[in-house]
Amino acid sequence: MISAILSYEFLQNAFLSGLIIGVIAPLLGLFIVVRRLALIADALSHVALAGIAGSLYLSQQVLFFAALNPVYLGIGAAVGGSLLIEKLRGTYRHYEELAIPVILSAGIGIGAIFISLSKGFSSDLIGYLFGSVSAVSRQDLMIVVIIAIVVIAYIRFLYKELFVLSFDAEYSKVSGINSKYIQMFFMIITALVIGASMRIVGILLVSSLMTIPVAAAIQLAKSFKSAMIYSIIFGEAAVLIGLTSAFYLDIAPGGTIVVTSIIILLIVLIMKKAQGRRSAHKEEEIT
């Protein structure tokens, strides 16, 4: 496996991109889960699907788009969707959750239209839907690196504000935190991470990498920072095992990464339950 990675550039691109995504997706996912916004990742991924499908369709009609990486339009669509969600959340202040299914439905609808208008890009679209080891180019890797720098810088410099906003939105307003702009940038950052991850994990599965490692981490963590560390560890493990399995089995990496994440979660839940039984048994012996 190591010799293959050293020999083939596409494997280097895939594994390097996967390692980076294994950090930034669960890292941002922890804030998403704590704020109970997990479905936003699904909504934005479907909007990204509309952008990808639109780009692939336009590449058949316009020469300019034929030379353009579809990832760019996918990321642009996801960012636009994130801003629309924020706008709708502000419009429906007492029914903020309505914004998510509205944008999700719009993404699916627009994507379906472009797919139905297309003439033979189904094979290209499959790679974006479920991920592809061989399709990750050096340009895709550079996009992932740039987005990772933006994400880490955002969390590094606004960590305290994000922490307060995640656990107590009302206090953040009283304390003078500009929650409106922080939330807007948070949504844009989420869209960027989804755009960066879709080549490896796939559009339909990218939200899983942002939430399942976090679900496993919060079972073990005793603090927010430890949950962050566990999330990254589980995310990296899922990506590495998933990509290796996809390479040897010649299947879409998105599925193997997600299934690996679920297996990790099940192992953690079983260990947690066994630990609880042992603790209960010790308490019975003491009494």
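Contact here means heavy atoms within 4.5 Å. The structure is a predicted model, in which local features need pLDDT of at least 70, side-chain atom pairs count only at pLDDT 80 or more, and totals for chains, interfaces and linings use all residues. Residues are numbered from 1 along each chain as its sequence is written, and side-chain values use heavy atoms, with hydrogens and water left out. The protein chain holds 14 helices and zero strands, where helices (H or I, at least four residues) and strands (E, at least two) are DSSP runs numbered from the N terminus.

**Overall architecture and confidence**

- Of the 287 residues in the protein chain, 47% are buried; buried means under 20% relative accessible area, exposed over 50%, and partly exposed in between, with a 1.4 Å probe and protein chains only.
- Among contacts with a separation of 6 or more, 77% join residues 24 or more positions apart.
- The accessible surface of the protein chain is about 14,400 Å², and carbon and sulfur atoms contribute 67% of it; such areas come from the Shrake-Rupley method with a 1.4 Å probe, and for residues only the protein chains shown count as cover.
- The mean pLDDT (the predictor's confidence in each residue, from 0 to 100) is 84, and 90% of the residues reach 70 or more.
- Confidence is lowest in helix H1 (residues 2-7), at a mean of 64, and highest in helix H13 (residues 224-249), at 91.
- Where pLDDT is low, predicted coordinates should not be read in detail.

**Buried positions and their contacts**

- Leucine 44, in helix H3 (residues 38-61), is buried, with a relative accessible area of 0%.
- Beyond its neighbours within four places in sequence, leucine 44 is in contact with Ala78, Gly81, Ser82, Ile85, Met187, Thr190, Ala191 and Ile194.
- Leucine 44 and glycine 195 lie 151 residues apart in sequence, yet their C-alpha atoms are 9.1 Å apart in space.
- Aspartate 140 belongs to helix H8 (residues 138-157) and is buried, at a relative accessible area of 5%.
- With neighbours within four places in sequence set aside, the contacts of aspartate 140 are Asn69, Val71, Ala135 and Arg199.
- In helix H9 (residues 159-167), the residues Tyr159, Leu162, Leu165 and Ser166 are buried.
- Viewed down the axis of H9, these buried residues fall within an arc of 135°, so they line one face of the helix; the arc is that of the directions from the helix axis to the C-beta atoms.

- Glutamate 86 forms a salt bridge with arginine 89, and their closest N and O atoms are 3.1 Å apart.
- Both residues of this pair, glutamate 86 and arginine 89, lie in helix H5 (residues 70-91), three residues or about one turn apart, and both are buried.
- Glutamine 183, in helix H11 (residues 179-197), is buried, with a relative accessible area of 5%.
- Not counting residues up to four places away in sequence, glutamine 183 touches Glu86 and Arg89, as well as Arg35, Leu37 and Leu165.

**Surface patch**

- Val259, Ile263, Ile267 and Met271 form a nonpolar surface patch with about 370 Å² of accessible area together.
- Patches are made of residues with over 30% relative accessible area and no salt bridge, with like charges joined within 9 Å and nonpolar side chains (Val, Leu, Ile, Met, Phe, Trp, Tyr) within 5 Å.
- Valine 259, placed in helix H14 (residues 253-286), is partly exposed, with a relative accessible area of 46%.

Notes
A salt bridge is a side-chain nitrogen of Lys or Arg within 4 Å of a carboxyl oxygen of Asp or Glu.
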